[in-house]
Amino acid sequence: MFGLEALDLARIQFAFTISFHILFPAITIGLASYLAVLEGLWLKTRNDTYRDLYHFWSKIFAVNFGMGVVSGLVMAYQFGTNWSRFSDFAGAVTGPLLTYEVLTAFFLEAGFLGVMLFGWNKVGRGLHFFSTVMVAIGTLISTFWILASNSWMQTPQGFEIVNGQVIPTDWLAIIFNPSFPYRLMHMATAAFVATAFFVGSSAAWHLLRGRDNPAIRTMLSMAMWMALIVAPIQAVIGDFHGLNTLKHQPTKIAAIEGHWENHGDEATPLILFGWPDMKEERTKFAVEIPYLGSLILTHSLDKQVPALKEFPPEDRPNSTIVFWSFRIMVGLGFLMIFTGLWSLWLRKRDSLYTSRPFLHLALWMGPSGLIAILAGWFTTEIGRQPWVVYGLMRTADASSNHSFMQMSITLIMFVVVYFALFGAGLGYMMRLVRKGPKISEGSETPDGGPGKKRTPARPLSAADDPAEGEHEDNTRLTKEI
């Protein structure tokens with residue numbers, strides 16, 4: 001069907017499951033740190049706005065965290081079911097790295113998550129804040145180990161091959177492989193940026209509907225400060241990451257650029273747009289800027305970038321896909337920077353919360369960070385092809401011996417179950433977002449808080465949950481319950 005083979009379906013299945021999964025950890029990483037900042041600000045200032053926002057986003061964090069755990073388990077099983085030959089070849093490296101992630105990050109998160117979500121009225125303020133910080137650190141530790149494993153597959157070192165299997169010889173070299181620092185920073189920063197625009201979009205949605213209060217304004221303000229500061233930093237990290245990729249995976253860079261051949265000593269142009277044709281070995285309809293490719297990728301005006309025709313056809317990734325996935329990621333990155341700068345200009349004019357054109361942009365930019373993460377992930381993984389472990393094992397040699405029918409059935413099942421299960425979860429999460437944070441009434445420091453008698457927080461209860469609103473009257477409580 002469509003010229004696909006069992007290997008292609010196995011790759012599509014893994015791409016499908018990881019595309020769902022990666023969205024949840026990205027938001028989890030960002031929200032965990034956001035919650036730690038909110039609680040820290042509340043403890044320092046006793047401003048109830050920060051506490052109200054903490055309770056609001058902790059519910060969304062809990063739902064997102066649960067979906068991330070479930071979707072991650074499926075991916076782990078796929079290494080044994082669909083990619084058993086890869087597991088046999090490289091399991092001595094990837095297995096321990098994933099185990100370290102569970103032992104250090106997942107156990108840390110699980111240990112303090114219950115206190116963070118349900119201990120608001122059970123433990124002291126210091127311990128509760130410590131738990132929130134530990135969960136945030138746990139998400140970053142998880143990112144550390146996952147990116148160490150993936151980066152080793154991109155730039156493997158610290159091993160030897162014995163009897164057709166990878167045997168670790170230097171764990172520090174394996175973990176801190178050449179591409180690891182750049183990938184770790186790029187992914188962690190992307191998670192913070194994606195969360196900032198998710199939060200900012202939520203605030204813009206409420207402001208556009210006339211719900212203007214201190215909590216909503218604080219959401220938008222904090223999100224836009226994060227976008228203004230971190231989006232340009234991400235661009236710089238991306239530049240360093242590109243230089244590292246050019247050094248260790250030149251074929252990937254050539255495919256990303258749609259660059260097929262060099263002419264004499266001419267500098268490499270930057271192809272802004274075009275259509276790389278793998279069969280004809282050229283980029284059709286190319287719109288080029290002379291010298292700019294050399295300037296961006298080599299930081300010089302005379303050095304050339306390796307071209308695809310310098311590599312055997314069987315070693316070339318699909319330039320058509322990575323050419324456009326990379327440009328989607330970069331294009332959204334520029335939009336993020338523009339949004340942050342616009343917010344600064346409006347902030348100085350005291351119209352950040354009232355400019356409807358800007359609020360509409362902020363609303364539509366909500367999923368931009370997640371889309372950019374997916375586009376970047378496609379660029380990284382498809383650009384590594386045809387290798388599953390770069391230069392050591394081809395993807396075609398890594399899959400299990402399943403039939404086309406078996407892979408077709410399981411792929412269809414995954415699509416149906418994922419859209420049903422995670423569609424419901426995402427729908428519920430969006431319902432929570434639409435509900436918005438509850439606003440405290442009364443004194444600036446009302447009763448309640450860690451260590452105080454108060455209705456328990458219930459982040460997994462209904463979207464209409466009034467747990468943080470003990471100050472609300474009984475009529476409203478009855479109606480919402």
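**View 1. Contacts between helices α1 and α12.** In this view, I18, S19, I22, L23, A26 and I27 of α1 meet L370, I373, L374, W377 and F378 of α12, contact meaning heavy atoms within 4.5 Å. The model is predicted: local features need pLDDT of at least 70 and side-chain atom pairs count only at pLDDT 80 or more, while totals for chains, interfaces and linings use all residues. Residues are numbered from 1 along each chain as its sequence is written, and side-chain values use heavy atoms, with hydrogens and water left out. Helices (H or I, at least four residues) and strands (E, at least two) are DSSP runs numbered from the N terminus. Helix α1 (residues 6-45) packs on helix α12 (residues 368-384) at an angle of about 130°, the axes being 10 Å apart; axes are lines fitted to C-alpha atoms, for helices over the stretch in contact, and angles run from 0 to 180 degrees between N-to-C directions. α1 is therefore oblique to α12 (under 35 degrees counts as roughly parallel, over 145 as roughly antiparallel, 65 to 115 as roughly perpendicular and the rest as oblique).

**View 2. Packing of helices α7 and α8.** Helix α7 (residues 214-248) and helix α8 (residues 250-257) have axes 5 Å apart and an angle of about 120°, so they too are oblique to each other. G242, T245, L246, K247 and H248 of α7 meet P250, K252 and I253 of α8.

**View 3. The bend in helix α3.** Helix α3 (residues 84-118) bends by about 90° at A90, the bend being the angle between axes fitted to the seven residues ending there and the seven starting there.

View 4. Strands β1 (residues 159-162) and β2 (residues 165-168) run antiparallel and are joined by four bridges; two strands pair if DSSP finds at least two bridges between them. E160 stands opposite I167 in β2. Two residues lie between the strands, and N163 in the turn has a positive phi of about 55°.

**View 5. Hairpin of β3 and β4.** Six bridges link the antiparallel strands β3 (residues 270-277) and β4 (residues 282-289). F273 has V287 in β4 as its bridge partner. Four residues separate the strands, and E281 takes a positive phi near 55°.

**View 6. The cis peptide bond at P386.** Q385 and P386 are joined by a cis peptide bond with omega about 10°. P386 is in the loop between α12 and β5 (387-389).

Terms used
Expected span 1.5 Å × (residues − 1).
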